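Welcome! Have a look at the model below, and then we will walk through some of its features together.

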Amino acid sequence: MGPVLALALLAACSPFKLLRPGERLLSRVEIKGVEQADKERLTALAQQKPNTRFPLPKLAIYQLGYNFYDSVRIKEKMRTIQTEYDTRIQAASTDSAKLGKLLARRERKLNRKQLALDKGNAIMRLGEAPVVYDTLLTRRSVEQMTTFLHSQGFFRAAVAATDTARYHRGLVKRVLQGVGSIFPSTPDSADLAKRYRRVTVTYNVVENKPFLNRLQPPSIADSGVAAVVSAAQNGSVLKENERYNEELIGQERTRLETLLKNAGYFDFRQQFITFEADTSFETYTVRLRTLIANPAPGQGHRVYTLRQVRFVTDAGVNRTLRASTLDTLRRAGAPGVRRIRPELGIRTDTTVTDSVRFAAYVQKYSTRLLARKVLVRPGQRYNLDRTMQTQRLLADLDMFRFNNLNYRKIADPPSADSVGINPTKGELIAVINASPAPKFTETSEVGGTYVAYLPGPFVNLRLKTRNPFGGAEVLELGVRAGLEGQLSRVAGGVSETTEAVYTTQLGATASLVLPQFLVPFNSNRFLSRYNPKTRFTLSETFVSRPEYTRSNFEFAFDYIWQKSAFHQYVFSPVVVTFVNTLKTSDLFRERLDSLRINQGSPLFRSFVKLIEPSFSFTSLYNSNDFNQTRDAHYLRLFAEIGGLTRGLYREALLRQTGLNVYDFARLSVDYRRYHHLTPKTFFVWRLNGGVVHALTRTPEPDGSNSQFVIPYDKSFFAGGSTSLRAWQPRRLGPGGFTPLRTTRQGEVVRDFLTEQPGELLLEGSAEYRFPIYSFVKGAFFTDFGNVWGLQEIKNERGQYLRPGAQFQANTFYKQIAVGSGFGVRFDFTFLILRLDVATKVYDPTAPDGQKWALRNFDTSANPIAFNLGIGYPF
């Protein structure tokens, strides 16, 4: 009875119930015959596409909501709302405040009901209405595809559409007919008479041979313009014997316009550029000629130079001061009215620095520094690139609300020839108007975290001060305080039953950014186009837990510059980190010693007094935006060397102050690729790796043989919300080693609590992102990777203390962990909240026979992992 009921239920869910008589459901769209053209672009030109089935069956969701949809009931509710509020509005009489509130409420409620009436209830809006096949849209698709193919050089291409329609029988009928087909019978004429309900549209494309370019010498009336174009001919995007492509022609038109604007032709526009295409000369050949016309018959294009550059650093201040004194007149002394204006002084070009005239009522910024950011100068030809770079450099200062670089033409003297075949040079005045940003900006943030299944509140306060010393510097001060849940750092740190504890975290940061390189020689003028900056950073973090109390102080001195809008470099010649553990519990110290002796774990070195001097270099390329909406690349390269000269002072420093110092070299690479599949779906993948190695040996605390030791916080870890999300933070690995611990009852169990550092990291992720409803988005993801040791410690018998942790070229691929899951993201544009739910698929650290973790789904060995975070994981 159960299977029959299930079959009946499936049959009742037929989408054809949503169709009117004579309508057919578009089931599939195919494009055939495409060999050279862009098939993805052709697919996008199809005016109708079937209902989405992956990752969610949108039509089924719509149909589910339709079962609860009642338009009559919605209209009745709208009449009830209208009647109710009409009565309340009449009762409100002349109370304007109450009337306004009632009208607003009525409008909101009616709008919600109207939305449900027009587009269905919330469930229906989460899905998709059935796509009803429309032959008119198919014909329009054929026309657009044909036009696109012609624009790509397939002048003799043809597109034809055929729709294959068939009657889709319900599941019950298919089963019964399958049984009935055993016995011959006469076809049911009623079935044959039914209209086909599902349609598959096939677009058959015949490309034929494409037409190739034959580039002809350009025809340019103006000799000056011709000389500029000829000198830059190698940069043309149009190539001989390549397929004709109108998109490339558009790019070439833009290139020529920019080229000529950079050569001083201020008035030049794309409208002067045309391309002559002749297909009659040779078969499958397009003779392509560039034509650049003059502005008018007998008139050539004019070159402009700059006579003067003005910089107003307080644009808008005049209006602000007038408003503050209720002086709303645009000029003092208007006829019939006299108002006393505040004493503003006269904004004149009182300061000239490097040929730039700076004007302000009160000059608050270093004109010497601002002049370095201005790339246009008197005597130069007008240049579009220098104009855009100047605006970008000024915006990067973070000193101004906005800055505009505009040009004003200077009237020609009476004797000047401005309209002839060879016009004289025109002159421009460049005017930069910059409106100052507020000197102080305060940001406060109150929120909470959910880590280790514990909620924790936090508060962040930040104060930004602009131009504190008059050199366009930015000073930022910040404090942070909060409680955060954490897994017990090592088993036995508090008790056998407590795996999650609260951590008190206090922090303070101070950062000073100078808009130039702080060097003993003058190089900033030559580096201005790279937006050089010098940054000093001080930070202090205080952490208090039941097992220990620890502070971390860091000083960093950085040089920052940008090769382009997407590519940034950071060189840190001085980075000093001071770590001090103020208190550790007895049980915690015992556990650290046990890990050091039995497993060779360097965890104990994270809880001694140490100093880490180092220098580093970072290259960051990111062509994406904040919300990751582009087809983009991300590449981060990081290299760091620390303790290079420790041999000169290590022993004396340890003996006199108790400070440890280590040497190391560290390298990491992070590459990400964002594939924009459709306007709202993305496929994103990431590969991340790193290696760290000690440069010399360090003696053990007990005086035993020295080992290659790195600072604990320079190790690599796997697991967590931005790594392998099925594992707790820092708990995966290393390699195939199975961490064990002995409980107080003497039972040996797996250790899921102790952090697992490694010296080699290899990990990656793949994620499919898609919209669910409005600002709610989803993702399916798979993470893989692990960490390994490179300098694992051996016992006296030559065996590794952590078997399987050492990286081996012939076995490492068997030790790659895999986890998968589903994520929900709330995209508020300015903020992205993320919840990822993951489970282990393959766990290389599990005992033999248990490595395929899905067999132990939702157990202590493979619990469901929940990850809350802000922003995308990568």
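## Salt bridges

Lys-32 is partly exposed, at 44% relative accessibility; the classes are buried under 20% relative accessible area, exposed over 50% and partly exposed in between, using a 1.4 Å probe and protein chains only. The side chain of Lys-32 meets that of Glu-30 in a salt bridge, 3.8 Å from N to O. Here a salt bridge is a side-chain nitrogen of Lys or Arg within 4 Å of a carboxyl oxygen of Asp or Glu, and the count comes to 40. Glu-30 is buried, with a relative accessibility of 17%.

Another pair is Glu-476 and Arg-462, whose closest N and O atoms are 3.3 Å apart. Glu-476 belongs to strand β15 and Arg-462 to strand β14, so this bridge ties together parts 14 residues apart in sequence. Helices (H or I, at least four residues) and strands (E, at least two) are DSSP runs, numbered from the N terminus. Now look at Arg-769 and Glu-767, with 2.6 Å between their closest N and O atoms. Arg-769 is buried at 7%, and Glu-767 is buried at 0%. Both belong to a network of salt bridges that also links Arg-725, Asp-783, Arg-825, Arg-834 and Asp-836.

## How to read the model

This is a predicted model, where local features need pLDDT of at least 70 and side-chain atom pairs count only at pLDDT 80 or more, while totals for chains, interfaces and linings use all residues. Residues are numbered from 1 along each chain as its sequence is written, and side-chain values use heavy atoms, leaving out hydrogens and water.

## Two packed helices

Two packed helices are described by the angle between their axes and the distance between the axes. For α4 (residues 71-92) and α5 (residues 96-119), the angle is about 175° and the axes are 10 Å apart; axes are lines fitted to C-alpha atoms over the stretch in contact, and angles run from 0 to 180 degrees between N-to-C directions. That makes α4 roughly antiparallel to α5 (under 35 degrees is roughly parallel, over 145 roughly antiparallel, 65 to 115 roughly perpendicular and the rest oblique).

Most residues other than glycine have a negative phi, and most peptide bonds are trans. Which residues does a cis peptide bond join? They are Gly-733 and Pro-734, with omega about -5°.

Ser-774 has a positive phi of about 55°. Ser-774 sits in the loop between β28 and β29, and is exposed at 59%.
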